[in-house]
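Visitor: I am new to this structure, and I would like a close look at a single part of it. Could you take me to the place where the two chains meet and tell me what is found there?

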Amino acid sequence: MSTDLGMPRTLTGISAVPSLGEGEALTKKDFTSDQEVRWCPGCGDYAVLAAVQGFLPDLGLRRENIVFVSGIGCSSRFPYYLDTYGMHSIHGRAPSIATGLAASRPDLSVWVVTGDGDALSIGGNHLIHALRRNVNITILLFNNEIYGLTKGQYSPTSEVGKITKSSPMGSVDQPFNPISLALGAEATFVARTMDSDRKHLTQVLRQAAEHRGASIVEIYQNCPIFNDGAFEAIKDRTQQQARLIHLVDGEPVQMGVDGERQTLVRRADGGLEFVPEEAATTETTVGHDAGAEDPSVAFALSRLTTPDKGQVPMGVFRSVERPTYDDLVRAQLEAAATTAGGPAGPAELQQLLAGNDTWTVQAARS
Amino acid sequence: MTEKSIEQIDRVVIRFAGDSGDGMQLTGDRFTSETAALGNDLSTLPNFPAEIRAPQGTLPGVSSFQLHFADHDVLTPGDAPDVLVAMNPAALKANLRDLPRGATVIVNTDEFTKRNLAKVGYDSSPLEDGTLESWHVHAVPLTSITVEALADFEGLSRKDKERAKNMFALGLLSWMYHRPTTGTEAFLATKFGSKPEVLAANLAALKAGLHYGETTEDFAVSYEIAPAVMPAGTYRNITGNTALAYGLVAAAQRAGLPLVLGSYPITPASDILHTLSGLKRHGVTTLQAEDEIAGIGMALGASFGGALGVTTTSGPGVALKSETIGLAVSLELPLVIVDVQRGGPSTGLPTKTEQADLLQAMFGRNGESPVPIVAAQSPADCFAAAIDAVRIATTYRTPVFLLSDGYLANGSEPWAIPDVADLPDLTVQFATRPNGVDAKGREVFQPYARDEDTLARPWAVPGTPGLEHRVGGIEKANITGHISYDPDNHDHMTRLRASKVAGVEVPDLEVDDPSGDADVLVLGWGSTYGPIAAATRSARNAGVRVARAHLRHLNPFPANTGEVLRRYQRVLVPEMNLGQLSLLLRAAYLVDVRPITQVRGLPFTTVELADAITAAAKEVSS
Ligand code: SF4
């Protein structure tokens, strides 16, 4: 038996979070904790931290109502460097901790910071369930395609054949495509961005924060110590243009430098392929629609990613509205109270303890 | 109709046994409610297979429900039944060895077909071959009489009619022991409200059973058992799992905190999740997680946000939650972990009871990771134990283990319903403002500054301005809470966490020693309370001097524990494990306590413990 849960769909990810008063404003400095940042020199995490510290004031939220929860890994040190509430938890479990927090505190903006090992290996189960439930949290998945904190073993996003300390003859593991995984897990907001593109990163983060429900943002992050240059192919200004596929809502999906631009079209067999711009017709051109109910085109877009980064879609793959888990959980609590004539107090507790079958023993007469 | 005689008796133990699909648990539950309503004291022991529906008519498919009731206080579900109701050959075979000679057996003869007999390895019918010679047998064709009594119900199939045979059995037993049936009638009306014909059939079957007792010559005697003398008050019957769930709700209300349960279904703890999920009106949020780890993660996340986080599970689940319990030790946040213990290791005996998770609760984590442990001693006591666990968790900002077990979870007993206003006040003070100054003289929040008395750290919940701080599983610098790898700091913090738990306020151990000069002490914990109390009573009645004490708190132990242990020449420690409490006591107090152990998935019997007590008393006096 199922029942219509009848949820309104007008809220944003932060609409229940108290905002700053008239004339109040916070700066990047307000979000910078007094802790010395301890990532390796040149680590991509620095750029992401700076972008987040710089972007948080724009949300206009009260600082005390923002919480960052992380797991274990290099990126999971993130909460220590932000002057908000934070919890550096255990390996892989941050999404479950964030779920409990979000379900019980609608007035908080809850963020999860995780990495490819934390989210996709040891914590894979929690990640997919947080996504399918659509808990109102924002998940930043720092993907450096390597285990950094444990000093350089292959991760669930490392390419097949990767030579690492634990795979001297090359990794035999098929990697996950995090975007495909998230879409398969019924995620409502799925995006990809890159540590070095501050502007794009900020743009995507803003949309992710404002999305009501679980948002996952895969951030390509360079680890100069153990996997340097993993994203060089799309960072190099000269090559970048040829390889990145920028997903822009309402626009055709295109790739390549001017003069050699290619447009994504739907083949007769239903598959997608790039053809020279001029060969694409209005009928066959795939226009990007992040809001499409059906995630299959978003999934097909996610599959355009090639392991060598010769071809990489960037941007928001999917952004659809669906009632969030935490809203539904709270709505049931409210409904239960309303139906019963109000929330239970001591009198109702007394009734509950008594149940329906009681008997009374009188004091024995002496 | 001949006038039938009525005998007055002071106690009886009845066991209903049948196939898993025969509705024996329901029958037992209803008989228990009727008995409670009459004011008898009682104790119950359901015993069912782990399989939902094991093959029909087989030994593994037998489900039973034992009830002990009396005109005096009842401490256990009874060692052996005085009356066995056996709905099929499997039920007879599985239970006969527990039945003392001379006891009464009521058998459903309809099920004693060649095929059913063969299924359980009977070559001939025990009803005819003399097997039951030493017992008082009532052979009743329960199924066919039920079907006959329902002949007029044309809308029901034969199968539906047969299904009502448990109500016939209930009616018959209700006649035998003068139990009222109005409660059952009301119960059926609610259960089958939407199916009037099924309701009418069940009522008719119940009546037919009563009538059968009244009219059949086979049943010449019925029995009356006077109400027990119990302390004044309003009572209800309650199972351990229900009492535990209610205790958590009551404690949350007394603490002024929303209750958030993160849980993954597991036998025998799932009923707590079910009960709490129906109490949304009481501000209870239940999150059914994707696994055990997520269950406790959700609870801990809620605690960080200022709720009372609780997770419920059994031993295998605790194993999965261990790392998060360690995190909670490090975060120093309130959290209640309910472990309804069952037989282990691994999957073990999911539906059978055991007390073998004590050492897991005590030590089952990496590093020095102390967690207070509270244990419930009877089904109704799960309520008070839950409140005490919440008191410790919120006062000391620590995860707390609350240990129950399969026997307490499903067993039931009368409970004097407490007045909510008399429950302890557990009001929690959240941190609201900075509690220190930094080197530059600015006011700051120090998340690991401690309360002098309790050593608890402040609970500063997100949303409180000025108290933004970070917690985590990496060692924290004392007071400031910053990450610290300093050797002296780690040593200090480890000792602080240990001192905090060692300093949890728990009442002294009370000793029950009516003669005042016993040489033998029986010390127990958890659900052995009933069997130990019954056994010491029986030994004392036989002239043995024996003292008895029971531990509610396993970590820390009450301050006087060592002194109590040393007062006696011999200390016996009965446990449903291989001596886990004994190990802890020996280590802590260097006292040579003697374990009495069994892991049969069932509680101790009064007789086996009374014999052990008597033997020990003899040994020390000679
Ligand atoms: S190991 Fe790699 S990911 Fe980790 S901090 Fe160093 S550079 Fe960054």
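Guide: Let's start with one pair: Asp83(A) and Arg470(B) form a salt bridge, their closest N and O atoms lying 2.9 Å apart. A salt bridge here is a side-chain nitrogen of Lys or Arg within 4 Å of a carboxyl oxygen of Asp or Glu. Between chain A and chain B the count is 4 salt bridges.

Before going on, a word on the source: this is a predicted model, in which local features need pLDDT of at least 70 and side-chain atom pairs count only at pLDDT 80 or more, while totals for chains, interfaces and linings use all residues. Residues are numbered from 1 along each chain as its sequence is written, chains are lettered from A and ligands numbered from 1 in the order in which they are written, and side-chain values use heavy atoms, with hydrogens and water left out.

Now widen the view to the whole interface of chain A and chain B. Here 62 residues of chain A are in contact with 67 residues of chain B, contact meaning heavy atoms within 4.5 Å. The area buried between the two chains is about 5,300 Å², and carbon and sulfur atoms give 61% of that. Buried area is the accessible area (1.4 Å probe) that two parts lose on being put together, summed over both. Tyr85(A), Leu353(A) and Trp359(A) supply 17% of the area that chain A buries against chain B, more than any other three residues.

Next, look at the side of chain A that touches chain B. Its residues divide into 27 nonpolar, 24 polar and 11 charged. In this grouping, Ala, Val, Leu, Ile, Met, Phe, Trp, Tyr, Cys and Pro count as nonpolar, Asp, Glu, Lys and Arg as charged, and the others, Gly among them, as polar. Among the elements that each supply at least two residues to this side are strand E2 (85–88), helix H10 (325–339) and strand E12 (358–361) of chain A. Helices (H or I, at least four residues) and strands (E, at least two) are DSSP runs, numbered from the N terminus.

Finally, follow E2(A) across to the other chain. E2(A) and strand E19 (residues 470–472) of chain B run parallel, joined by 3 bridges; two strands pair if DSSP finds at least two bridges between them. In E19(B), Val471(B) is the bridge partner of Met87(A).
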